[in-house]
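Walk me through how the side chains pack in this model. I would like the aromatic groups and then the nonpolar cores.

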Amino acid sequence: MGISGIFMVLMLLLISFLILSACKPWRYLSRFRSFRLSVIKAGDLQRPLVSDHGNSSQGQTNELTREYDLEGACYKNEGLLHASLTEGCVYKQRLPSSSPHLTLGESLIVEVISEHPEDVSVGQTLKHQAEKGQLAEVQNYDWQDNQSHKLKHDRESIRLRELSPKPIEDKRSWLFLEVISGPSVGLRFSVESTSINLPLTLGRVSPSGLLVKDFEVSGKHAQINWNSTKLKWELVDMGSLNGTLLNSRSVSHHNLGSRNWGDPIELASGDIITVGTTTKIYVRISSQNEYRTPFRVGVASDPMALRQGGRKLPMEDVCYYQWPLPGADKFGLFGVCDGHGGPEAAQVASKIFPEILANILSDPVKKGKVLSQCDASDILRDAFSKTEACLDHLYEGCTATVLLIWEDGEEKFFAQCANVGDSACVINVDGKYIQMTQDHRMTSPSERLRMQNLGLPLRDGEKRLFGVNLARVLGDKFLKKQDIRFSADPYISEPVRLDHGREVFALLASDGLWDVVSVKKAVQLVHENKMRDGRSSGEDRTVNQAEKIANSLLSEAKTMRTRDNTSVMYLDFDRNCKLYI
């Protein structure tokens with residue numbers, strides 16, 4: 001054979017080598033062996049896929065030797081099976097299909113989907129060819145190294161405890177403000193840390209949350225907000241001209257008068273805020289649980305924009321409530337006062353009425369009589385009489401509508417209303433509303449009849465006396481001296497029992513609402529809002545739904561172009577709904 005023949009033989013050998021290298025025919029032998037090793041008989045499904053002993057013989061070729069990494073499956077976003085080709089023992093777990101987390105003491109169900117154990121990648125499950133649809137169970141095995149096993153077990157226990165849900169503490173807080181000196185003395189305001197009305201502005205002009213009638217106070221003087229990170233109430237001066245003091249120390253910007261905001265300062269219960277030079281505001285902070293009412297409460301108010309002629313309306317409405325009354329556990333008071341001639345009479349009345357009523361209820365005999373008879377008519381009448389006696393306002397007066405609510409000790413709630421003036425209260429029970437107040441305008445038939453019985457009837461077409469359209473009010477001492485037809489005797493409703501399992505809510509509002517929105521329309525708006533609330537997501541329901549309803553009624557009054565101060569208080573007694581106060 002010549003040189004050319006040898007060259008051809010070498011070329012053929014080279015080509016054969018390249019073909020064999022490319023085709024790798026020996027891989028079929030490996031696959032065949034792997035297939036034989038992965039076949040599981042029906043009876044073998046009850047046997048472990050790995051040996052019960054770390055020193056098992058190598059002849060047990062029908063058992064897998066993969067290690068399951070629990071640490072990688074503990075996290076919701078990393079719930080994959082971490083495969084390892086190293087020999088060793090498998091951690092015993094059963095993974096329930098409904099849970100992405102594993103807990104100690106469970107075992108893992110692995111479905112084998114590959115014929116080739118060596119081809120399985122991270123994240124795959126295993127399924128044996130011979131038993132499709134069947135499940136193979138990885139049993140629990142002891143570690144050869146007991147100390148190593150104990151350390152890993154402890155580490156995983158700690159990790160799982162950290163991942164387990166923990167009880168959520170109620171971090172909500174109530175802030176109570178009361179003006180204790182200055183032109184607006186007696187003015188009070190309360191707000192909850194999740195309120196949609198935050199931040200709260202202290203100022204002289206609307207729409208300040210705490211509207212202070214003091215010419216030394218800036219239009220937007222200071223602001224209070226809830227710091228959800230620190231879980232603290234914070235006060236900040238808004239660049240006021242006269243500055244803001246906290247416990248006699250300035251919190252304003254160092255360059256007073258520059259209109260620059262100061263730094264936020266934490267508030268504590270018992271602090272005194274001074275705005276201007278004479279207005280002092282007392283701060284009281286409490287936990288939600290301490291002052292939580294057993295039902296939902298929402299309050300909204302607005303002085304409304306303009307009268308005819310463009311003059312801004314001063315805010316003369318005052319909304320207030322207190323639960324429980326001091327010294328009268330299970331008694332609470334909810335009220336609206338609408339002032340005329342100025343806000344002072346309404347502010348003073350709203351401050352002293354709860355104090356007087358609490359003092360009356362401190363008498364065990366009187367309190368026991370209310371509970372036994374389920375009727376508070378006598379104490380409400382007494383409270384109105386004493387409040388009127390304390391008011392010495394000659395040319396200012398106010399309406400007063402109060403709703404007294406109490407629990408009889410058997411988890412049964414009762415409500416009873418008393419009023420003078422035209423601020424009204426309505427209670428809705430299962431779609432039917434109860435008028436809890438009486439209109440005391442000069443034009444109302446009941447007042448005309450009362451004056452006629454006094455022998456001093458109104459003339460035909462007469463709608464006012466001394467320019468006042470209300471026959472029953474608190475204050476206005478000068479008018480009452482001039483004409484005996486003016487009165488402070490309240491109308492008192494019948495008590496209403498608020499039963500379990502019934503849809504019950506109450507509306508208290510000044511005439512700014514009722515002048516433009518009928519009772520029927522107001523009740524309809526509440527129902528529509530409650531239906532939307534029931535369909536809302538969990539995120540939407542984190543805010544105070546009662547407050548949202550109160551604000552929706554206030555918005556309706558604006559839409560209907562009311563021209564008077566408007567205040568709305570909404571109380572939801574439905575026990576079947578969750579509280580979001």
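W174, F176, F295, Y321, W323, F334, F413 and F573 make up one aromatic cluster. The model is predicted: local features need pLDDT of at least 70, side-chain atom pairs count only at pLDDT 80 or more, and totals for chains, interfaces and linings use all residues. Residues are numbered from 1 along each chain as its sequence is written, and side-chain values use heavy atoms, with hydrogens and water left out.

The whole structure holds 15 aromatic pairs (Phe, Tyr or six-membered Trp rings, centres within 6.5 Å; planes under 30 degrees apart are stacked, over 60 edge-to-face, the rest tilted). For W174 and Y321 the ring centres are 6.5 Å apart and the planes meet at 85°, so this pair is edge-to-face. W174 is in strand β3 (residues 173-181) and Y321 in strand β15, so the pair ties together parts 147 residues apart in sequence. Strands are DSSP E runs of at least two residues, helices H or I runs of at least four, numbered from the N terminus. W174 is buried, at 7% relative accessible area (buried is under 20%, exposed over 50%, partly exposed in between; 1.4 Å probe, protein chains only).

R284 places its charged end over the ring of F176, 4.3 Å from the centre (the cut-offs are NZ of Lys or CZ of Arg within 6 Å of the ring centre and within 35 degrees of the ring normal).

Now the cores. The largest nonpolar core has 34 residues (buried Ala, Val, Leu, Ile, Met, Phe, Trp, Tyr and Cys joined through side-chain atoms within 4.5 Å). Its largest share, nine residues, comes from α5. A second, separate core of 24 residues includes F505, V526, I549 and Y570.
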